[in-house]
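Hi,

Here is the structure I said I'd pass on.

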Amino acid sequence: MRIERVLANNPGPFTGPGTNTWLLDDGAGSVVIIDPGPVDTKHANAILERLDRRELVAVLVTHTHADHAPMANPLARDMGVPAIGHAPGPGFDPEIRLLDGAVFDVGTVGLLVVHTPGHADDHLCFRVDDVLFTGDHIMGGSSVMVERMGPYMASLERLRGTGLQRLLPGHGDEMDQPDQVIDWYLAHRRQRHREIMDAVLAGASTVGEIVEVVYAEVDRSLHPLAAQSVRAHLTLLSEEGRIALEGDDVLPLTR
């Protein structure tokens, strides 16, 4: 088995150095592309150059965000292979839809599909042996934006202690010691959960006010992203019966 990375030319505050496009080769010349990224001719050519004369089986996406999926359909169409993911989304329409627990064969290698909602409802990770392609569920060098905190935490817990040895993320460098990385992610989210509740108890009554308190040390250009994570935490706090949440207005129910 051979794994290669092709870095997309889309660096930025939300994408880090850019989107990692991964090529998984079964060792006998069958290849799958994971997360081809945004539509970009230069990046497409870089992927095809790396592919060389090997047999492409499919183009997979971990989720349908604009920095991961839009080039999947045109690239797959040009190469005569299916574009595959969990569900349709902006700029992406899968010809084959993968469900949790499915195994997708790449030549002699089987990719286990793990549904990991949280960052996005349609998010998938792909596991081969002790390696996990994590998309935006886990990123190299940073935490991630979360849409739904309860499912996200549960998805992290599900991966811990399963014998993983390498994490290959959608952004940033690959990581070893996956359980330690997952433990950090869980601890970080639990700390944020406490900080957000503390801010509410101290009088912060809107998402904006909570961001100003909890993310005071974060560059203000990232505050809109922080607000999304705050809303996800607030939704979970509401589900836990600790706050009342109406739009962006927050009221503590426990002290």
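This is a predicted model: local features need pLDDT of at least 70, side-chain atom pairs count only at pLDDT 80 or more; totals for chains, interfaces and linings use all residues.

Residues are numbered from 1 along each chain as its sequence is written, and side-chain values use heavy atoms, with hydrogens and water left out.

Five of its five residues are buried, so β3 is largely enclosed by the rest of the structure. Buried here means under 20% relative accessible area, with a 1.4 Å probe and protein chains only. In a regular strand the side chains alternate between the two faces of the sheet. In β3 both faces are covered, with Ser30, Val32 and Ile34 on one side and Val31 and Ile33 on the other.

Who are the neighbours of β3? Strand β2 (residues 20–25) pairs with β3 in the antiparallel sense over four bridges; two strands count as paired if DSSP finds at least two bridges between them. Asp25 stands opposite Val31 in β3. The two strands form a hairpin with four residues between them, and Gly27 in the turn has a positive phi of about 100°. Strand β4 (residues 55–60) pairs with β3 too, in the parallel sense over five bridges, and Ala58 in β4 is the bridge partner of Val32.

Then there's an open sheet of six strands in the order β7-β8-β9-β10-β11-β12, with mixed pairing. β7 (103–106) and β12 (175–176) stand at the edges with a single partner strand each, so one side of each has no neighbour in the sheet. Within the sheet, β10 (residues 131–135) and β11 (residues 166–169) run parallel, joined by four bridges, and Leu132 stands opposite Leu167 in β11.

Last, the largest pocket holds about 600 Å³ of space. Its lining has 28 residues, and the closest to the centre are Phe14, Ser143, Val144, Met145 and Leu225. A pocket is an open set of points on a 1 Å grid over the protein atoms alone where a 1.4 Å probe fits, with protein on both sides within 12 Å along at least five of seven lines; lining residues have an atom within 4 Å of a point. The volume is the space filled by probe spheres set on the points, which are joined across faces, edges and corners. Helix α6 gives the most to the lining, five residues.

Cheers

Notes:
Buried means under 20% relative accessible area, exposed over 50%, partly exposed in between (1.4 Å probe, protein chains only).
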